[in-house]
Amino acid sequence: MNEKISVIVLAHGDEKELTRCVDRILNQNYENYELIVVSTQKNSELEEKANNNDLMTLYVKDVDKLENLRAYALNKADGDKVLFVEPNDFLIDEQSITTLNEVYTQKNADMLLNKFMTLRDGKFYFTNKKIEDVSTNKFLFYQFDNIEFRKLAGVLLKKSLFGKIDSNDLLKPDQVLLNSLSREAQNIVFDCQNKYVYDEVNGNRLPELITGKESELYFSNVYELVRKIKKSNYTSKISEKVSIALCIDENLVEHVGVLLYSISVNTSSFVDVYIIHDNLSYSSLEKLTELDKSFPTIKINIIKIPDNIQNQLNKISLEGNKLPVTSCYRFILANLLPSLDRIIYLDVDTLVLRDLTELWRTDLEGKFIGGS
């Protein structure tokens, strides 16, 4: 017999399409599942359905936020797996749970995320996507581009994962909760069976990407700083000399001269170039020293990454891409060069074709980063 699946609906009880959501779940042909509905207020229609169907259990709890119902619902669930469905969304057909469980089982997953089908203006919109295995360290990156990684609903999960996370995480937004669950999952799969339908007609709002302090995507208080800077009518102090950062390793040293030449012949200002590296050979350092003598308007400063910072950077997973760890140096320029108010970062394989002075003097209007 198939493992038992607990389908959970957390509702206020007055959602426009709650009945449709429940009916679609009760119409599933999967052999071993239960429906648990936890509502913040009474609903006579739901009570009648629960009384007439052994698959459904209804609980009423007086709370303000639906997140506060999660732990209660999970405690009542008897299934080996859990599937949350939001009250205005629905499963597309009677095969939905069966199909999702088949993929889950075939891929030996303990977290199966599904590409949503969207109902908009009376039409269904969906995409086809190959099954993807998602490593834990890539989970955050998927959240940038895929709404399904920010919404708990539609995810088929091994129930035991919830017992491995901090109980306080059950009260947090879906995106944050999913991050915690992903760290405990052994096999995360992203599929496109189009069995879960997000209904846009009813005014549902898909969750925006959370970048605040409670999110693992939060790295600093930059947004708050920008707001304060704008409010104070801050005017940036731009030095006459242009500062440029290059981040290199042994393989890129040979390209530095061409880039510096293009800067020299096209830029009217004096330029300080900061070359960031980890462990260049003695011969490479000599080459850079010689280049410093070749361009009268350019001063080369060679900066070695401190060992403690390099040890932290070495923990970054570069799985699945061809970029070296030096590609991450640009993100910590503020830490490496704290005395500079601004700097232009250039890839070493860049050619400068115009005067960088114009770019250098661009007013960032209080923002921290500008792109050209």
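Okay, let's start with a term: a residue counts as buried when its relative accessible area is under 20%. Keep that in mind, and keep in mind too that this is a predicted model.

So, where do we meet a buried residue? Take Lys-81: its relative accessibility is 3%, so it counts as buried. The side chain of Lys-81 forms a salt bridge with Glu-3, at 3.5 Å from N to O. Those two come from distant parts of the chain, 78 residues apart, with Lys-81 in strand E4 and Glu-3 in the segment before strand E1. Glu-3 itself is partly exposed, at 42%.

Next pair: Lys-4 and Glu-34, whose side chains meet in a salt bridge at 3.7 Å, N to O. Here Lys-4 sits in the segment before E1 and Glu-34 in strand E2, 30 residues apart.

Asp-272 belongs to strand E14, and Lys-241 to the loop between helix H7 and strand E13. Asp-272 is buried at 14%, and Lys-241 is partly exposed at 36%.

How many salt bridges are there? The count comes to 21. Some link up: Glu-17, Arg-20 and Asp-199 form a network of salt bridges.

Last stop, the second largest pocket, with a volume of about 490 Å³. Its lining has 20 residues, and Leu-66, Glu-67, Arg-70, Glu-86 and Asp-174 lie nearest the centre. By type, that lining splits into 10 nonpolar, 8 charged and 2 polar residues.

Technical notes. Residues are numbered from 1 along each chain as its sequence is written. This is a predicted model: local features need pLDDT of at least 70, side-chain atom pairs count only at pLDDT 80 or more; totals for chains, interfaces and linings use all residues. Side-chain values use heavy atoms; hydrogens and water are left out. On a 1 Å grid over the protein atoms alone, a cavity is a set of points where a 1.4 Å probe fits but cannot get out, and a pocket is an open set with protein on both sides within 12 Å along at least five of seven lines; lining residues have an atom within 4 Å of a point. Grid points are joined across faces, edges and corners, and a volume is the space filled by probe spheres set on the points. Ala, Val, Leu, Ile, Met, Phe, Trp, Tyr, Cys and Pro count as nonpolar, Asp, Glu, Lys and Arg as charged, and the others, Gly among them, as polar. A salt bridge is a side-chain nitrogen of Lys or Arg within 4 Å of a carboxyl oxygen of Asp or Glu. Helices (H or I, at least four residues) and strands (E, at least two) are DSSP runs, numbered from the N terminus. Buried means under 20% relative accessible area, exposed over 50%, partly exposed in between (1.4 Å probe, protein chains only).
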